[in-house]
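Hi,

Here is the model I promised to pass on.

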Amino acid sequence: KMKPGSSENFMMSLVSLGRGLVLAEQAVAGGVDDPELLLALSKSYSILSNPAFSNENGMFQQILQFTAMAATQAKKPGEEGVDVAELMAALRTVFTRAPLLHRRTSAELLRRHGDHPEVPKVLGRLADDARKSERFHESLKLRQMATERMGKAATGGDWLELADTCFRALE
């Protein structure tokens, strides 16, 4: 959780978040088979692929730019700190790749731990992402799988999501 108190703390929190994502990715690539790690990555990439974060003109991007300017201005000559330009470039790359990383990580979770109780939520997030990208038939298939896996635990809201997805998939 990020609780920045200043622009420098905010930048350091972003560096920590990035470092955590890299370490988690390296662990998965190295064969770590932890469903909770895959779930955390899936959730993180789902959040980061939200247009509020990934859109160049989005609010979060504007906050980042403002914070970067403030950190640069507050930095004293010769003082070590975060390379703001490098951090901004790295974050833009993560935001751009987040939708693909979300799908890949979710697929890995489904392959390795398809019976995990959080799988319906993962499928629901994938269905939401597909709908946002106007891939309505893919969204429908994912939403149907999520609802089927919920079984009797599916709520009225879950069925309403499925009905809405069916409507959007009509040609």
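Glu118 comes out as partly exposed, at 21% relative accessibility (buried is under 20% relative accessible area, exposed over 50%, partly exposed in between, with a 1.4 Å probe and protein chains only). Its partner is Lys121: the two side chains meet in a salt bridge, 3.7 Å from N to O. By salt bridge I mean a side-chain nitrogen of Lys or Arg within 4 Å of a carboxyl oxygen of Asp or Glu. Lys121 itself is exposed, with a relative accessible area of 51%.

Before you go further, some housekeeping. This is a predicted model, so local features need pLDDT of at least 70 and side-chain atom pairs count only at pLDDT 80 or more, while totals for chains, interfaces and linings use all residues. Residues are numbered from 1 along each chain as its sequence is written, and side-chain values use heavy atoms, leaving out hydrogens and water.

On the fold: the protein has eight helices and zero strands, so the pattern along the sequence reads α-α-α-α-α-α-α-α (helices are DSSP runs of H or I with at least four residues, strands runs of E with at least two, numbered from the N terminus). Of the 171 residues, 36% are buried. Taking contacts (heavy atoms within 4.5 Å) between residues at least 6 apart in sequence, 61% join residues at least 24 apart. The protein exposes about 10400 Å², and carbon and sulfur atoms supply 58% of that; accessible areas come from the Shrake-Rupley method with a 1.4 Å probe, and for residues only the protein chains shown count as cover.

Back to the charged pairs. Side chains of opposite charge can pair when their charged atoms come close. The whole structure holds 11 salt bridges, and two further ones deserve a line each:

- Asp33 and Arg112 meet at 3.5 Å, N to O. This pair links distant parts of the chain, 79 residues apart: Asp33 is in the loop between helix H1 (7–29) and helix H2 (35–48), and Arg112 is in helix H5 (residues 84–113). Asp33 is partly exposed at 43%, as is Arg112 at 30%.
- Arg168 pairs with Asp164, the closest N and O atoms being 3.0 Å apart. They are four residues apart in helix H8 (residues 156–169), which means about one helical turn separates them. Arg168 is partly exposed at 39% relative accessible area, and Asp164 is partly exposed at 26%.

Cheers
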